[in-house]
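Reader: Can we go through this one together? I would like to start with the backbone and then look at a helix.

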Amino acid sequence: MSMFASRTVVFAAAFLATALPSPARAQSADDWARLEAQDLRLAAVAERLQGANALLCNALMPLTGLILHSADQYGTASSNERFRNSPLAIASLLPGSPAALAGLAPDDGVVAIDGVPVADIAPETGQRLREAAFYRMAGRTSAAPLTLTVARDGAQRQVVLDAPQGCRSLVEVLLGDGPMARSDGKVIQVQYDTVERLSDAHLAVVVAHELAHTVLEHRRRKEAAGIDSGLLAELGRNQRANREAEIEADRLAVHLLANAGYDPATMPDFFRNAPTLGIRGLALPSFVYPSPEARAELVERELALYLPSHRGPSWPGHLLARRDVAFSAAD
Ligand SMILES: [Zn+2]
């Protein structure tokens, strides 16, 4: 499911674009400012793709522009000044988003979501509070406005966020080692170094590929077919199904890009120039991923056949129909 030759399945969910702090990586105020800048860049690219492609997605969520974090992410530093208002607080906000227009600000505490006190939102084992809060917000079945109770310096108020719907996925910056990007159907993670190094246009290519896995419900379809995306991903029918999924994701990604107003021709350019962009791993031998040149030609063919104008709106029904098709049966 990852953009490149690694098939690690994500186990840790997290909140929209909020990086997991690592004491080794982020210690100074400077580090945090750099991290926050990349959080915001990734969130802006992701929300643009998620919002513009809402009609293509079966699972939706409100796009609030909120980037939340929780005190339990920070271990012993949980008495941090940033959580003086609530253990769930606003890390940053996308400019111009519903959350920003509602007058919310960094370090405001979130004390209730749709009237449910944050104190009553119990994270599941291995989850942090921000993840539990995310699933409560993203898992709402109604498109009714989201009501948050927020606290600032001892005063509480309710804000109603009439946020547009977008494809449901957590998108976050990941610190530490691992593939440049990966997704598990619920969470999309992009390495900090990747986010920092790539232009917005190239970052959009990476996010579009991962979001395509979500739109095409590859996780559900692989599980239904008993396909292994992990250690056995390169073998037999696993390899065929995983390769099929990667090809579907590359083909759909050009439509997702066009719908969001990005130039889909950036995608073949990205594959061909990955080494000069400092992208590692793209050319690693793999039976799951076609070669970078083959991927570039694949998306050029998709554009020529289905999107010659290179512009949205695009309804890629030929690919969306794959959601109802099972992956290859057993040998
Ligand atoms: Zn992939």
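Author: Proline 313 is found in the loop between helix H9 (292-306) and helix H10 (317-320). Helices (H or I, at least four residues) and strands (E, at least two) are DSSP runs, numbered from the N terminus. This is a predicted model: local features need pLDDT of at least 70, side-chain atom pairs count only at pLDDT 80 or more, and totals for chains, interfaces and linings use all residues. Residues are numbered from 1 along each chain as its sequence is written.

Reader: What joins glycine 312 and proline 313?

Author: A cis peptide bond, with omega about 0 degrees. Most peptide bonds are trans.

Reader: Ok, phi next. Where is aspartate 107 found, and what is its phi?

Author: Aspartate 107 is in the loop between helix H2 (98-101) and strand E4 (109-113). Its phi is positive, about 80 degrees, although aspartate 107 is not a glycine. Most residues other than glycine have a negative phi.

Reader: How many other C-beta atoms are within 10 Å of aspartate 107?

Author: There are 18, so aspartate 107 is partly exposed. A residue is buried if 20 or more other C-beta atoms lie within 10 Å of its own, exposed if 12 or fewer, and partly exposed in between, with C-beta atoms placed from the backbone.

Reader: New topic. Which residues of helix H8 are buried?

Author: In H8 (residues 266-273), Met267, Pro268, Phe270 and Phe271 are buried. They line one face of the helix, because seen down the axis of H8 they fall within an arc of 155 degrees (the arc is that of the directions from the helix axis to the C-beta atoms).

Reader: What do they pack against?

Author: The buried residues of H8 pack against H5, helix H7 (236-259) and H9. Two residues are in contact if their C-beta atoms, placed from the backbone, lie within 7 Å.
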